[in-house]
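Hi there,

I'm passing this structure on to you, as promised. Please have a look at it first, and then read my notes below.

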Amino acid sequence: MFHSFFLDAKWRIWAWCGSILILISTWYKVQLDVQVNEWFGSFYDSIQDALSNPGTVTSEMLLGHLWDFGKISLIFILVAVFLEFFVRHYVFRWRTAMQNYYTQYWPLVRGTEGASQRVQEDTMRFAQIVERLGISLLRSLLTLIAFQPLLWELSKKVKEVPLIGEVDHVLIYLAIISAIFGTVILAMVGIKLPGLEFNNQKAEAALRKELVLGEDDSSRAKPQTVAELFQSVRLNYLTMYRHYLYFDLVKQSYLQFSSVMPYIMLTPTIVAGAITLGVLQQILRAFSKVEGSLHYLVYSWSTIVELISVYKRLKAFEQKIYDSKLAKTSLNTI
């Protein structure tokens, strides 16, 4: 999966230079996001001044703020569109590298269960999932690096929180504790999901194989056989749906609570009038960025489960290739 793209000389430029370009572009997007966070402070402070002291803020001043936002947004859009375009090409070339690697050993592994699916569908799914998860992970890490110092400084303005009292830089600790708690809870609740997803893919592959064989062989894909295979698929899905029911309940409950938690923590500061509206917006946005970055596993758990299933299938397929090559080498030696 990895060596066919990152270690093959044919794909080395795309693999490594492309990865560096994606890293730089993502980092630049995060820096633009930091500029937007600073803009929120000055913009909402101007709004507060305009509402509290009529006549102190002119229309030109507010329109100037919006113009500044427009310039940042334009650059952000151009970078985001370019990055999405490039990543799609990058991921498709990764899939091509895997496809080429597997097909050159096709005579050795064509008899493997679901071989055609692994070469065609699993490589496609692996590339697509890695695109979603990889870019999301990279963005989360870079966002955390960029916004953590900002939230650290903004936390100095929060002198007291409910139940705890005065704690220096409390918002940083709160974001970290909240994210760790959510990740651990969801990992425990969803511990069975990867295995269920893997079993589900095996059942789907068996049904698909029988139907494909039935296209050319009238003795295959009989109604009773298809019904039995589909019953296996059905039971797997129903089991998986039951487990996702309580997993989603815990996940959504946690996310809803975490969305209002910063307001609860900031209540004494807001009531005391210790910060302006602009600073409040900066704190809330910086907190959501830091906590959201730390929530990577929370948001991505379902997709990670799918990736684990695909990875296990491709890993087993590659092991079959390795074993077949080893057996062939042993025979040639004899």
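The count comes to 6 salt bridges, taking a salt bridge as a side-chain nitrogen of Lys or Arg within 4 Å of a carboxyl oxygen of Asp or Glu. Before the details, please note that this is a predicted model: local features need pLDDT of at least 70 and side-chain atom pairs pLDDT 80 or more, while totals for chains, interfaces and linings use all residues. Residues are numbered from 1 along each chain as its sequence is written, and side-chain values use heavy atoms, with hydrogens and water left out.

One of the bridges joins the side chains of Asp33 and Arg285, at 2.5 Å from N to O. This pair links distant parts of the chain, with Asp33 in helix H2 and Arg285 in helix H9 (residues 277-294), 252 residues apart. Helices here are DSSP runs (H or I, at least four residues), numbered from the N terminus. Asp33 counts as buried because its relative accessibility is 14%, and Arg285, at 17%, is buried too; buried means under 20% relative accessible area, exposed over 50%, and partly exposed in between (1.4 Å probe, protein chains only). Asp33 and Arg285 also belong to a salt-bridge network with Lys289.

Helix H3 holds both Asp68 and Lys71, 3 residues apart, or about one turn of the helix. Their side chains form a salt bridge at 3.7 Å, N to O. Asp68 is partly exposed at 32%, as is Lys71 at 42%.

Now to the largest pocket, with a volume of about 430 Å³. A pocket is an open set of points on a 1 Å grid where a 1.4 Å probe fits, with protein on both sides within 12 Å along at least five of seven lines; lining residues have an atom within 4 Å of a point. The volume is the space filled by probe spheres set on the points, which are joined across faces, edges and corners. There are 18 lining residues, with Trp94, Val130, Leu133, Gly134 and Ile135 nearest the centre. Helix H5 gives the largest share, 7 residues. By type, the lining divides into 15 nonpolar, 2 polar and 1 charged, where Ala, Val, Leu, Ile, Met, Phe, Trp, Tyr, Cys and Pro count as nonpolar, Asp, Glu, Lys and Arg as charged, and the others, Gly among them, as polar.

Finally, Met188 sits in helix H6 (residues 170-189) and counts as exposed, at 58% relative accessibility.

Note on methods:
Helix = DSSP H or I, 4+ residues; strand = E, 2+ residues; numbered from the N terminus.
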